[in-house]
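Subject: Handing over the model, with notes on what it shows

Dear colleague,

I am passing on the structure below, and I would be glad if you kept it open while you read the notes that follow it.

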Amino acid sequence: MQRWLVRALVLLLVAAVIGGGAFWWLTSPDRITIGREPVPAGGADIANGRLLFDAGDCAACHATPGGDRLHLGGGLAMHTQFGTFHVPNISPHETDGIGGWSVQDFVRAMRAGVSPDGRHYYPSFPYTSFQRIGPKDLADMFAYVRTLTPVPGRAPAHDLAFPFSMRRGVGLWKLAFLDGREFEPDPSKSAEWNRGKFLVEGPAHCAECHSPRNFAGAIIAERRFSGGPNPDGAGFVPNITPHETGIGGWSKSDVVELLTTGFTPEFDSVGASMRAVVENTARLPPEDREAMAEYLLSLPPVASSPR
């Protein structure tokens with residue numbers, strides 16, 4: 001009996017070592033090839049970088065609360081079912097922000113959710129959408145951010161419950177939900193539609209807030225854009241598909257109006273974090289807001305997710 005117990009304990013130990021090794025290998029950030037694509041040579045287009053920065057609503061999350069929208073010192077607290085995430089400093093400060101990063105560091109962070117020191121970022125940073133942006137556009141965005149004011153100070157560490165506090169486990173999440181595909185135009189569609197899809201699905205990351213999520217915190221694909229609980233814990237984000245429970249009765253000019261002024265066809269106005277989104281989409285060229293409207297109204301109608 002004693003010999004059997006010893007054998008059982010040895011087998012359990014071996015299984016634990018093998019399982020731990022497999023987990024460590026599968027979750028290694030070094031295994032992720034996304035974001036290692038070379039950045040095309042040539043000077044950065046800062047005007048394009050600013051446009052993508054505004055489309056991405058970067059200032060709404062990364063601006064120091066109560067400060068200038070372009071002082072990207074971070075600190076915003078995002079309260080979720082997994083715990084509280086604190087948005088980091090992405091100003092060009094050399095030590096507290098991203099001023100010490102290379103352009104390749106920025107591309108890898110945006111597309112793969114991997115930090116320059118080789119750690120996984122949590123998907124509260126919406127790299128599942130930003131992966132659709134190509135290296136050249138990301139290089140332009142990085143060049144624009146580097147023109148902004150360096151802001152000292154770092155955000156507090158995330159406050160997450162176990163097991164979500166085990167950052168290494170994000171590697172398993174990425175195996176399931178990060179595909180690394182860049183946006184590719186659909187040749188059967190118009191240039192306006194393709195531009196709209198790129199903006200909505202990539203930099204603007206609209207689905208990240210306007211979709212319900214599964215137990216792992218990933219977007220439920222078949223209910224994409226149909227609305228869902230606010231990711232930071234307060235209220236319900238509306239359906240933006242052309243369903244009668246969403247924007248089905250809206251015209252293209254109605255959608256453009258909302259993206260420009262925040263007013264709906266019912267003469268209501270957007271609230272909460274969407275106000276900051278509109279502050280940024282209003283800065284886009286009119287043709288980009290029209291392209292976003294064109295794409296949104298072409299989405300498959302999906303009934304609003306149950307609250």
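In these notes, contact means heavy atoms within 4.5 Å, and helices (H or I, at least four residues) and strands (E, at least two) are DSSP runs numbered from the N terminus. Please bear in mind that this is a predicted model, in which local features need pLDDT of at least 70 and side-chain atom pairs count only at pLDDT 80 or more, while totals for chains, interfaces and linings use all residues. Residues are numbered from 1 along each chain as its sequence is written, and side-chain values use heavy atoms, with hydrogens and water left out.

Of its 307 residues, 43% count as buried, where buried means under 20% relative accessible area, exposed over 50%, and partly exposed in between, with a 1.4 Å probe and protein chains only. Among contacts between residues at least 6 apart in sequence, 65% join residues at least 24 apart. The accessible surface comes to about 15700 Å², of which 60% belongs to carbon and sulfur atoms; such areas come from the Shrake-Rupley method with a 1.4 Å probe, and for residues only the protein chains shown count as cover.

Helix 4 deserves a look of its own. Seven of the ten residues in this helix, which spans residues 103–112, are buried, so helix 4 is largely enclosed by the rest of the structure. The buried residues are Phe106, Val107, Arg108, Ala109, Met110, Arg111 and Ala112, and what covers them includes helix 5 (127–130), helix 6 (135–145) and helix 7 (170–177). Just after helix 4, Gly113 takes a positive phi of about 65°.

Next comes the second largest pocket, which holds about 540 Å³ of space. The pocket search runs on a 1 Å grid over the protein atoms alone: a cavity is a set of points where a 1.4 Å probe fits but cannot get out, whereas a pocket is an open set with protein on both sides within 12 Å along at least five of seven lines, and lining residues have an atom within 4 Å of a point. Grid points are joined across faces, edges and corners, and a volume is the space filled by probe spheres set on the points. The second largest pocket is lined by 23 residues, of which Thr128, Gln131, Arg132, Asp179 and Arg224 lie nearest its centre. Helix 5, helix 7 and helix 8 (191–201) are the elements that give two or more residues to this lining, and the largest share, three residues, comes from helix 7. By class, the lining has nine nonpolar, four polar and ten charged residues, with Ala, Val, Leu, Ile, Met, Phe, Trp, Tyr, Cys and Pro counted as nonpolar, Asp, Glu, Lys and Arg as charged, and the others, Gly among them, as polar.

The structure holds 14 salt bridges, a salt bridge being a side-chain nitrogen of Lys or Arg within 4 Å of a carboxyl oxygen of Asp or Glu. One of them joins Asp179 to Arg132, with the closest N and O atoms 2.6 Å apart. Asp179 lies in the loop between helix 7 and helix 8 and Arg132 in the loop between helix 5 and helix 6, so this pair ties together parts that are 47 residues apart in sequence. Asp179 itself is partly exposed, at 33% relative accessibility.

A further salt bridge brings together the side chains of Glu201 and Arg224 (2.8 Å, N to O). Because Glu201 lies in helix 8 and Arg224 in the loop between helix 9 (206–209) and strand 4 (228–229), the pair ties together parts that are 23 residues apart in sequence. Glu201 counts as buried at 14% relative accessibility, whereas Arg224, at 27%, counts as partly exposed.

His205, in the loop between helix 8 and helix 9, counts as buried at 16% relative accessibility; leaving aside neighbours within four places in sequence, His205 is in contact with Gly56, Pro126, Ser129, Phe130, Leu199 and Val200. Leu148, in the loop between helix 6 and strand 3 (159–160), is buried with a relative accessible area of 11%, and it touches Phe53, Leu70, Leu72 and Pro92, not counting residues up to four places away in sequence. Leu148 and Leu72 are 76 residues apart in sequence and 8.4 Å apart in space, C-alpha to C-alpha.

With best wishes
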